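Work through the exercises below with the sequence and the model open side by side. Each task is followed by a solution that goes step by step.

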Amino acid sequence: MSGGAAAACLPILFRRCKTTSAQYVASRSIDPTFEKLMEGYKHFLKVLAVQDLILGSPTASLPLPVLSAAAPRLRLSRGAAHFVRTFPRIFSLLYDPSAAQPLVRLTPTAARIASGESDAASTSAPDAVDRLRRLLCMSSSRSLPLRAVFRVWRELGLPDDFEDSIIARNSTIFALRTNPRETNTHLLEFVDQSQTPNFTPAVDAWRCQERNQADEAELKFAFKQGFPPGMRLTKNYRARLKEWQQLPYAGPYDVGGGGSARSKAGMRALEKRAVGIAHEFLSLTVEKMVEVEKISHFRKCFRVDLNIRDLFLDHPGMFYLSTKGKRHTVFLREAYYKGRLMDPNPIYEARRRLLELVLMRRRGMGADSAGRRPSRSEGDVGVDMKEVCSSDSDTRYDFGE
């Protein structure tokens, strides 16, 4: 689809041209800044998955054959040994004589970063409690499936033991009960639903800042807009956007809010309410980003009857959808400037430090000026990575494409 045709299809609010979902995704306006961020982030997510396996082991190490067996599930297309070798600042491979097999461990630097993120999550426990309360208040039943919360625990900045450290320790706020609609599952809910708080949406902070520069009536139901570079905004689109900005809608914390799907005006109100919920959900995440598949697990709880992915594509001034890494990831545009979060937090900063190690890969990690390999630490026998990769392939640990 040509750029002109894409522009004609994409920015028409409430009246999308007839295309398939794949065509609609492909026709979106590309933002190079977010795409560059996701290019590194797709490797970062794989590193996090391997790191979680290592940290979950009692010995803080993982036998290479075990990691090799998990390579297809973790999408390590060229095998576990090659992956470990690609990120020497994060992973080290050492031979364990007692087990007669190589072990994968975190480097001291990576271990400190992981510990720093864990400490930041524990320190910000009050913020985590607030995020969970807000998430529950966006649900019409003031309850959420626990499995859905598990899908986004990292995005919400929750400790990995949040069931104990957040939910159980705040038993006067949260409760877990059996889900009557699904066997062997639980619901997270408020203990006293009659005392649920009255929260203010994150977008209201922007509206307050803009009140001195814009008309009150125009800001009351408006959202901040910032479009991808080079995206053509037609006169017709600008007019429709201005009309949409002034359209009243029920906020994300309004119980029973919305409109009737039987009328065009009701459909538009429901659509804008869904946009408000998506905006608030992303505002609650510590990195202002989430995989579309994960937020889709909350769709029924939030009474959103629209396609979430298409909703993000319908509003390119608020959200950016990336398809890097064989996953759809959505960003809250207003929260970023030149690929960085404008209002960082300790958890984001820790993850950013790990991302920087991911981006460095093997840069500057060759032999020293005398041509010698790094010395082996006392008590551990180092492993020649080239030999491991070779033997890994010979013993069916290589899952290369």
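This is a predicted model: local features need pLDDT of at least 70, side-chain atom pairs count only at pLDDT 80 or more; totals for chains, interfaces and linings use all residues.

Residues are numbered from 1 along each chain as its sequence is written, and side-chain values use heavy atoms, with hydrogens and water left out.

**Exercise 1.** Classify Cys208 and Cys301, then state how many disulfides the structure holds.

Solution. Begin with Cys208, whose relative accessible area of 45% makes it partly exposed. Cys301, in turn, has 16% relative accessibility and counts as buried. A disulfide is a pair of cysteine sulfur atoms within 2.5 Å, and the structure holds 0 of them.

**Exercise 2.** Count the aromatic pairs and describe the geometry between Phe83 and Phe87.

Solution. Rings of Phe, Tyr and Trp (its six-membered ring) pair if their centres lie within 6.5 Å, and planes under 30 degrees apart count as stacked, over 60 as edge-to-face and the rest as tilted. By this rule there are 17 aromatic pairs. In one of them, Phe83 and Phe87 lie 5.1 Å apart, centre to centre, with 65 degrees between the planes, and the pair is therefore edge-to-face. Both partners are buried, Phe83 with a relative accessible area of 8% and Phe87 with 2%. Phe312 and Phe319 also form an edge-to-face pair, at 4.9 Å centre to centre and 70 degrees between the planes, and both of these residues are buried.

**Exercise 3.** Locate Gln51, decide whether it is buried or exposed, and list its contacts beyond four places in sequence.

Solution. Helices (H or I, at least four residues) and strands (E, at least two) are DSSP runs numbered from the N terminus, and Gln51 belongs to helix H3, residues 32–55. With a relative accessible area of 4%, Gln51 is buried. Taking contact as heavy atoms within 4.5 Å, and not counting residues up to four places away in sequence, Gln51 touches Phe91, Leu106, Ala114 and Leu354.

Technical notes
Buried means under 20% relative accessible area, exposed over 50%, partly exposed in between (1.4 Å probe, protein chains only).
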